[in-house]
Structures are given as structure tokens and as C-alpha cells.
Amino acid sequence: LGDRWNLLNNALKEAENANYSWATKNLEQAKQIYSDYFKDAALKFDPESDEIIESAFSYNAEYIKTKQLLEASFNRQAIDKTIYKIAFMNIEESLDDGDADSFLKWFAVMETKFAISKNPDLITNQAISEIKKNPDKIHHYKDEIKSELLNIFKLKTIEEIEEAIAASDQGKPNDAIKFTYEGYYYYRTLHPHLVNTIGQDEAERSEEHTSE
């Protein structure tokens with residue numbers, strides 16, 4: 001699935017092209033990959049994520065027609081980052097169910113994006129190695145894996161918002177918008193856990209502040 005995500009993301013980048021035929025071909029390819037490999041999981045865990053992605057695809061079909069390629073690039077962030085949320089929710093269920101095969105399948109998206117194996121300080125890397133040898137080890141490591149993955153999303157959210165503020169201060173509005181999109185859609189992966197921690201009302205207020 002990491003390879004499928006990578007193909008989808010590359011196709012979306014290629015769709016931001018002034019050549020309408022080429023852009024349309026790549027946008028359709030990206031949408032097909034989403035439909036084949038990620039849509040069912042989105043509908044199962046978070047139908048709102050499916051709505052976001054399908055809406056972004058629809059808007060981008062119009063944007064490439066009118067050559068509004070900057071807007072298409074913003075929507076790419078929504079599609080891309082929302083797939084991380086879908087992957088993470090599958091990982092959570094796999095960890096809770098002790099399903100090592102499903103966990104490793106969906107973890108491939110995180111590895112492809114974040115290159116987790118290159119960070120020797122993460123316990124997740126030791127966990128992956130042991131789970132591959134003994135699937136029952138998944139029960140031992142599940143909480144640490146969840147915590148480390150959530151921390152990645154937390155740090156990425158903060159990082160993107162800081163970049164957005166810096167870009168705004170430097171008079172680069174397009175960069176500021178892009179970083180804000182990225183930060184917001186990284187945050188959507190954290191939101192369910194914020195709800196569990198501080199309650200729905202406070203979490204909704206936090207989401208509103210993030211989107212602003």
C-alpha cells in the first residue's frame with residue numbers, strides 16, 4: 001500500500017499540468033488508485049474522509065480544465081494527508097485486533113511517507129522487526145506504536161503551522177495557504193484522540209482554531 005500511495009501522490013502532482021490531456025489522464029489514474037485501494041477503508045472508518053477526497057478530485061477536474069493549477073495543488077494536500085488518516089485508523093484497528101498482517105500492510109503507507117525505519121530512536125522499528133518474526137508481539141508493542149505514530153502527526157501539524165506563519169510574515173501567501181492545508185489535514189488524524197482526551201466540544205474548538 002505504500003507503493004500505491006506513492007503512485008497516487010505522483011499522479012496527482014502530474015495532474016497539476018497545463019497540458020489538459022496529460023493532467024486529466026493522471027488525475028483519473030490517481031482517482032482509480034484511491035477507489036481500488038483506499039476508498040473502502042475510508043467508508044468503513046471515516047465517511048467524512050471519503051467525502052473530502054472525492055470532493056477534492058471533483059474540484060481538481062474543474063481546476064485543471066481552467067488551468068487553476070495552484071488550487072489543484074492545495075487539494076492534493078487534502079487528498080494526500082487524508083489518506084494518512086485512513087491508514088492510521090486501519091493501523092489502530094489492526095493493533096487492537098492483534099492482526100499483524102493487516103497492521104504491516106497499512107503501516108507501509110507510514111513507512112513510505114515518513115521513512116520511520118531511518119529513525120533508530122523509534123521503538124516502532126524494533127516492534128516491526130519482532131512482529132514480523134512473531135505476530136503475537138503485536139500485543140506487547142501496540143500502545144507504543146500508536147503513541148509514536150501520533151507523535152509524528154503532532155510534530156508535523158506544529159511544523160506546518162509554523163511554516164505557514166513564517167511564509168505569511170515573509171509575504172508569501174500561496175506558501176502560507178499550502179502549509180496551512182498540510183497542517184490542518186495532519187491535524188485531522190489527531191482529532192479523534194483529542195476528542196477522547198478533552199471531549200468533543202473542546203476538540204471542535206481546537207479544530208476551528210487550527211483551520212483558521
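Of the 212 residues of the protein, 46% count as buried (under 20% relative accessible area; over 50% is exposed and in between is partly exposed, with a 1.4 Å probe and protein chains only). The model is predicted, so local features need pLDDT of at least 70 and side-chain atom pairs count only at pLDDT 80 or more, while totals for chains, interfaces and linings use all residues. Residues are numbered from 1 along each chain as its sequence is written, and side-chain values use heavy atoms, without hydrogens and water.

**Exercise 1.** Find where confidence is lowest and where it is highest in the protein.

*Solution.* Start with the overall figure: the mean pLDDT (the predictor's confidence in each residue, from 0 to 100) is 90, and 90% of residues reach 70 or more. Next, go through the elements: there are 10 helices and zero strands (DSSP runs numbered from the N terminus, with helices being H or I of at least four residues and strands E of at least two). Helix H10 (residues 200–211) has the lowest confidence, at a mean of 49, and helix H2 (residues 20–37) the highest, at 97.

**Exercise 2.** Describe how H2 and helix H4 (residues 47–65) cross.

*Solution.* Two packed helices are described by the angle and the distance between their axes. Here the axes come within 10 Å and cross at roughly 170 degrees (lines fitted to C-alpha atoms, for helices over the stretch in contact, with angles from 0 to 180 degrees between N-to-C directions). H2 is therefore roughly antiparallel to H4 (over 145 degrees; under 35 is roughly parallel, 65 to 115 roughly perpendicular and the rest oblique). Now look at the contact (heavy atoms within 4.5 Å): among its residues are Leu27 and Tyr34 of H2, and Ile53 and Phe57 of H4. The residues of this contact divide into nine nonpolar, two polar and four charged (Ala, Val, Leu, Ile, Met, Phe, Trp, Tyr, Cys and Pro are nonpolar, Asp, Glu, Lys and Arg charged, and the others, Gly among them, polar).

**Exercise 3.** Work out the surroundings of Leu104 and Glu71.

*Solution.* Take Leu104 to begin with, in helix H6 (residues 100–114). Leu104 is partly exposed because its relative accessible area is 26%. Leaving aside neighbours within four places in sequence, Leu104 is in contact with Ile128 and Lys132. Then turn to Glu71, in helix H5 (residues 69–97). Its relative accessibility is 29%, so Glu71 counts as partly exposed. With neighbours within four places in sequence left aside, Glu71 is in contact with Asn60 and Tyr63.
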